[in-house]
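Please look through the sequence and the model shown below before reading on.

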Amino acid sequence: MIEIQQLSKKYKGSENFSVKSLSLKVEDDEIFGLLGPNGAGKTTLISMLSSLLKPTSGTFTINGLNFQDNKNELKQLIGIVPQEYALYPTMTAYENLFYFGSMYGLHGNTLKNLIEEHLETMGLIRFSHKKVQTFSGGMKRRVNLIASILHKPKVLFLDEPTVGVDVQSKNVILDRLRLLNKEGATIIYTSHHLNEAENFCSRVAIIDQGTIIIKGIPTDLILAQENAHSLEDVFLKFTGKALRDHA
Amino acid sequence: MRKLLASAYKEVVLLSRDIGGISILFIMPLVLVVTITLIQDSSFKTINNTKIPILIVDNDKGSVSESIFEGLSSSNSFEIIRIPSEEEAKAAVFKGDYQLAIVIPTTLSEALQKKIDQNVEGILAEFGLEEEEESTPSKENITQKEIRLYFDPAAQITFKSSVKNGIDKMISQIETQSIYRAFQEQMGEEEGTAIFETKSFISFKEIVPTNNNVDVIPNSAQHNVPAWALFAIFFIIVPLSINIVKEKSQGTFVRLRTNPVNYAIVLGGKTLVYVSVCLVQFTLMLLVGVYLFPSIGLPELDVSGRLILLYVVALFAGLAAVGLGLLLGTIAKTQEQSAPFGATFVVILAALGGVWVPVFIMPKFMQLLSNLSPMNWGLNGFYDVFLRNANFMDVLPEISLLLLFFILTTFISIVYNERKNAV
C-alpha cells in the first residue's frame, strides 16, 4: 500500500508548488492512473515516490517503508519505468537487461531465463542481440519496461509508458502490465491517453496545479458527471480547455 | 561483488562498441610520444650535428677576433659567415634570416693587450720588479670594449643563454692567456719558453647512477616515454567524464539511481575498466619505445629490470587520473562542460607537473604549485624508476600521494552525488 501525506514539491527558483499538500492512498493490487494536463505535477509526484526527487515537505510510505530509513529495501521493492528510454543505445537489449537485472542482485541462469522469458512475452526475442539504437520507439519502450520489471517489483511506477508507440506495442505493454498486476504488483501510472486509462486503470486521480481535483473508479467518475460520456469529458470539465503551455 | 563485475562488464561493452573512441584512446598517445620524441631527438641532433649559420662582423681584425672565430669554428655548432656591415647583419638577424650576429668592435685586440700590459706592469711595480731604465709610463685611460650580439627575436632563451655563456667563456680564456703572455714578456722570458701552463687545472666529470655496475645514461626516449605516457594516462579523464555525463543525459543514470546499487559500485566498475585502459595505453607506449623507436632511428627505451616498478607507478597514476575523471563526470552537467574542461585541465596539470618544462627552472611559486599536481608525483615516480635507479621504497611517497588523490577525488564524487540526489 502507498500512503502519501501532505506531500509538496517546490523547485528551486519556481514561485509555485509543482505538487501541493497532496494526500493519497493506493491499495495493494490497484492499477492507479495519475491523469492531468502538462505541468500538472504527475511526473514530479512519481519522481518523489521513486526516490528521484526530494520532497519539499510531507511524507509517504510504500508498504510501510520510507526512503530515509529503508532505502535499499524499498528500491528492491519498487520498479520505475521512466518517460525517456533509460537504456544504453550501443548495447543490445540482452546486455541492457543483463546489466540492470544484475543491479537488482539477479544473476546466473535465473537472470538469463528471466530475460529470455520477458523478451519472448514482449515479442523481442528475435532482437535480443541487436543494439537498442536500431530499435523502433515501440521496441525501446518494451525493453524499457522489461528493465524495470525483471526483479518482480511489488510496486511499479510508470511515467507515460505508452507515449509515442504504435497500437500493437501499446497492447503488448498493457497486457504485460495487467499480468503483472494479477501477479500481485501495485501499478501507478501516468498518461495523457485518457481512453487507455479509462480501460486500464482500476482507479484514477485527475491532478491539476499540483493537487488532486477528483479521484475514483473511471466509470463512477463518468456517471457522476452530467453529459460526460468518457473520462476525457470528465477531464476537460475539471481541467478546462485552456492550453497549458509552460516555459 | 557481482554488481561491481556487472558494472565493469557494462563499461567494457560500451567501450568496445565505440571503436573510434577506443582507437583515439590507444593510437593518439602513441602518435604523440613518437612525434614528440622525434622532434626532441632531432633538436638534440641539430645542436650536435647540424651547424647553425651565424654572422660575424669583424671590426677588430686582430688576435682576439681571430680567437673568437677559431673558438666558434671549433665548437662545430656554427657555420660562420663573415659580413662587413653591422647594419646589414642586424637587419638580416632581426628579419629572422639568421639566429645570431656577433659584432666585434674595432681595436679590441689592441685595447685588451694595452689593458693587460697596464695591469701586469702595475702589479710588477708593486713588487719592485719593473725594469730600472724604463720610466713608469703615465696610466692611459682605455675605453671598455663591447662585443655586440644580435639575436633573432624568435630565438629561444636557452639558445641565447648558451651562446652568451660560450662567448663569455671564450673571452675569459683569451684574457687569461693574454695575462700569462704579458707576465712572461715582462719577466723577460722568451716567447717559446713556457713558465706558465695555460691549460685548465680543474676539470669535471659527470657521475651517473649505475645499475649492476653499468652507468645509467638517460636518452630522449627515457625522458619522453614516461612524460607523455603520463600525459596520455591523464587524458583518460576526458572520455571517462563524457561516459558519466552521457549516462545522465541518456537517462540510464536515472534508472541506476532507482536501482538498489551504491554509487560507489557504479564508480568502481568504471575504475576497474578505465585503469585497465590506462595500463594498456602504458604497455603500448613501452612497446613503441622498446621496439619501434630503434627501427625509426630513435634511441631505444631501456626497461630492463624496471618493468614491475614501472607498472606500479603506472597503476597508481592511472588510479589518480580515473579519480579525477570520476569527479569531473559527477560534477559536470553536459559534455560541453566536461570535455573542454577536462582537456584543458590535463594540459595545465602537465605544465605544472613538469612534462614540458622541468620543475626546477620554474618560478618559486609555480614550483610550489607543481607539488600539488598529481602529474608531478607520477612523473617523479617514473623518473625515479627510469633515471634514478630507484626501488619500491623510493617511489613509495609518490605512489602514496597518487593513491590518496584517487581516494579523495572518488570520495568527493560519492559525497557530491549523495548530496545532490538525497531524498
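In chain B, H15(B) bends by about 30° at B:Glu398, where the bend at a residue is the angle between axes fitted to the seven residues ending there and the seven starting there. The model is a predicted one, in which local features need pLDDT of at least 70 and side-chain atom pairs count only at pLDDT 80 or more, while totals for chains, interfaces and linings use all residues. Residues are numbered from 1 along each chain as its sequence is written, and chains are lettered from A and ligands numbered from 1 in the order in which they are written. Helices (H or I, at least four residues) and strands (E, at least two) are DSSP runs, numbered from the N terminus.

Helix H15 of chain B covers residues 392–420, and its 29 residues should span 42 Å at 1.5 Å a residue, which agrees with the 40 Å between its end C-alpha atoms; the expected span is 1.5 Å times one less than the number of residues. Among the buried residues of H15(B) are B:Glu398, B:Leu402, B:Phe405 and B:Thr409, where buried means that 20 or more other C-beta atoms lie within 10 Å of a residue's own, exposed means 12 or fewer, and partly exposed lies in between, with C-beta atoms placed from the backbone. An α-helix has 3.6 residues a turn, so residues three or four places apart point the same way. The buried residues of H15(B) pack against helix H10 (263–295), helix H11 (307–331) and helix H14 (374–386) of chain B.

Chain B also holds an open sheet of 4 strands in the order E2-E1-E3-E4, with mixed pairing; two strands pair if DSSP finds at least two bridges between them. Strand E2 (78–82) and strand E4 (148–151) of chain B are the edge strands, each pairing on one side only, and the twist averages 25° from one strand to the next. Strand E1 (residues 52–58) of chain B runs parallel to E2(B), joined to E2(B) by 5 bridges, and B:Leu55 stands opposite B:Ile81 in E2(B). Across E1, strand E3 (100–104) and E4 of chain B lies helix H4 (residues 86–94), which runs at about 160° to E3(B), with axes fitted to C-alpha atoms, for helices over the stretch in contact, and angles taken from 0 to 180 degrees between N-to-C directions.

In chain A, an open sheet of 3 strands has the order E2-E1-E4, with antiparallel pairing. Strand E2 (19–26) and strand E4 (57–62) of chain A each have a single partner strand, so one side of each is left without a neighbour in the sheet. Strand E1 (residues 2–9) of chain A is joined to E2(A) by 5 bridges, and A:Ile4 stands opposite A:Leu24 in E2(A). Elsewhere in chain A, E5(A) and strand E6 (residues 155–159) pair in the parallel sense over 4 bridges, with A:Val81 opposite A:Leu158 in E6(A). In a regular strand the side chains alternate between the two faces of the sheet. From strand E5 (residues 78–81) of chain A, A:Ile78 and A:Ile80 point one way and A:Gly79 and A:Val81 the other, and all are buried.

Finally, the contact between the chains takes 21 residues from chain B and 26 residues from chain A, two residues being in contact if their C-beta atoms, placed from the backbone, lie within 7 Å. Helix H1 (2–16) and helix H9 (252–258) of chain B each supply at least two residues of the side of chain B that touches chain A.
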